[in-house]
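I am opening this notebook to record what I looked up in the structure, going through each chain and then the place where the chains meet.

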Amino acid sequence: MSDPMRIRLQSQAGVTTVKVLMSHEMESGQRKGDDGKIVPLWNIQDVSATLNGKVVMTAEWGGGISKNPFLQFAVKGTKPGDKISLTWRDNRGDSRTDEVIVS
Amino acid sequence: MNNSRRNVLKKSTAMAALLLQTLTQCERVYAYQQNAFDAKTIADLNKSLGLNLPLESSQITINTPEIAENGAVVQVAATTTLANIRRWIFVVEKNPVPLVAIFNLSEDLLPSITARAKFAQTSDFIAFAQLADGRVFYGKREVKVTLGGCGG
C-alpha cells in the first residue's frame with residue numbers, strides 16, 4: 001500500500017487551485033542500478049481528478065515525471081462542500097485514491 | 001506416465017496464464033498511449049499522437065527555471081490565453097523518452113498545469129496545446145541543466 005497523497009486546496013471566487021504531492025518512486029527505466037543492470041520502469045501511468053464524481057482532468061505520465069510527483073491545476077465553479085478526488089495507477093497495477101473537501 | 005500428464009497440465013496452465021497476461025497487457029496499452037511514450041523524436045511523437053502541424057504561439061506561456069542545478073526535479077508550468085484547450089502535452093526534447101506527460105482538460109479546468117519533470121541534459125521544454133477544434137500550438141523554453149536527471 002502506498003502512502004497517501006498530500007493534497008492542498010486554495011479557493012478563491014469559485015476557483016479552486018489543487019496542489020498534489022504523490023508518493024512514488026517513478027523509476028525512469030533508463031537508470032542503471034548498483035549491479036549495472038537497468039532498473040525497470042516503474043511509474044505512475046494514469047492520473048485522474050474528479051469534482052463531485054465528475055471527471056475534470058485525466059493525465060498519462062511517462063517515466064519523465066520526477067520522483068514523488070507534484071501536480072497543480074485549478075478547477076472552476078467550485079463551492080464549499082464540493083468533493084475533489086484524485087486517483088493514480090502505476091504500471092505495476094498499484095493505485096491510490098484520496099479525497100478532499102473544498103472549504 | 002502420470003508424471004508427464006501432470007507436466008502437460010502444468011504447462012498448459014502456465015500457457016493460459018501467459019495468454020491472459022498478454023491479453024490484459026494489450027488492453028492496457030490501448031488505454032495508455034504506449035507508442036507515444038516509445039517515440040524517440042518529436043516528429044515520431046506528433047505522428048503517434050496524431051497532432052496536426054503544430055504552430056508556435058505567443059499565447060502560450062511557459063514557466064521554467066533558466067538553470068536547473070538538479071535535472072531530476074525541474075518544475076515546469078504552462079498556461080495559455082488560447083480558448084478551448086483540451087490537452088496539454090509536455091515534452092523534454094532531449095530526454096531518451098521525450099514525452100513526459102499528457103493532460104486531458106475538461107471545460108471545468110483553468111488552462112494552467114504545473115508538474116515536475118526530469119531533464120537528462122540541457123534541453124528545450126515544449127508544451128503542446130491541443131484545442132477543441134484539433135488545432136495544435138506550442139511554446140518552448142530552454143532549461144540549462146548542470147546535473148542530469150536520468151543517468152547511469
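I began with the order of elements in chain B, which reads along the sequence as α-α-α-β-β-β-β-β-β-β-β-β, and I counted 3 helices and 9 strands there. I note at the outset that this is a predicted model, so that my later entries are read with that in mind.

I then looked up burial and contacts for chain B. Of its 152 residues, 32% count as buried, and among contacts in chain B between residues at least 6 apart in sequence, 67% join residues at least 24 apart.

Next I turned to chain A, where I found 0 helices and 7 strands, which follow one another along the sequence as β-β-β-β-β-β-β. The C-alpha atoms of chain A fill a box of roughly 55 × 20 × 20 Å along the principal axes. Chain A has 103 residues, of which 33% count as buried, and for its contacts between residues at least 6 apart in sequence I noted that 53% join residues at least 24 apart.

While in chain A I checked backbone angles. Met26(A) has a positive phi of about 50° although it is not a glycine, and I placed Met26(A) in the loop between strand E2 (15-21) and strand E3 (44-51) of chain A. Is Met26(A) buried or exposed? Met26(A) counts as buried because it has 22 C-beta neighbours inside 10 Å, where the cut-off for burial is 20 or more.

Asn52(A), also not a glycine, has a positive phi of about 50° as well, and its place is in the loop between E3 and strand E4 (54-61) of chain A.

I then asked which residues have the most contacts inside the largest nonpolar core. That core has 56 residues, and the ones with the most contacts inside it are Trp88(B), Phe90(B), Val91(B), Ala101(B), Ala117(B) and Ala127(B). As general background, nonpolar side chains tend to be buried together in soluble globular proteins.

My next entry concerns the contact between the chains, which takes 29 residues from chain B and 30 residues from chain A. On the side of chain B that touches chain A, strand E6 (99-105) and strand E7 (113-117) each supply at least two residues, and E6(B) gives the most, with 7 residues. By class, I recorded 19 nonpolar, 7 polar and 3 charged residues on that side of chain B.

I also looked at how strands pair across the two chains. Strand E5 (residues 70-75) of chain A runs antiparallel to E7(B), and 2 bridges join them; within this pairing, Leu71(A) stands opposite Ala115(B) in E7(B).

Finally I traced the sheet to which this pair belongs, an open sheet of 6 strands with antiparallel pairing in the order E1(A)-E2(A)-E5(A)-E7(B)-E4(B)-E2(B). Its edges are strand E1 (6-12) of chain A and strand E2 (60-63) of chain B, each with a single partner strand, so one side of each is left without a neighbour in the sheet. From one strand to the next, the twist averages 15°.

Technical notes:
Residues are numbered from 1 along each chain as its sequence is written. Chains are lettered from A and ligands numbered from 1 in the order in which they are written. This is a predicted model: local features need pLDDT of at least 70, side-chain atom pairs count only at pLDDT 80 or more; totals for chains, interfaces and linings use all residues. A nonpolar core is a set of buried Ala, Val, Leu, Ile, Met, Phe, Trp, Tyr and Cys residues joined through C-beta atoms within 7 Å. A residue is buried if 20 or more other C-beta atoms lie within 10 Å of its own, exposed if 12 or fewer, and partly exposed in between; C-beta atoms are placed from the backbone. Two residues are in contact if their C-beta atoms, placed from the backbone, lie within 7 Å. Helices (H or I, at least four residues) and strands (E, at least two) are DSSP runs, numbered from the N terminus. Ala, Val, Leu, Ile, Met, Phe, Trp, Tyr, Cys and Pro count as nonpolar, Asp, Glu, Lys and Arg as charged, and the others, Gly among them, as polar. Two strands pair if DSSP finds at least two bridges between them. Axes are lines fitted to C-alpha atoms, for helices over the stretch in contact, and angles run from 0 to 180 degrees between N-to-C directions.
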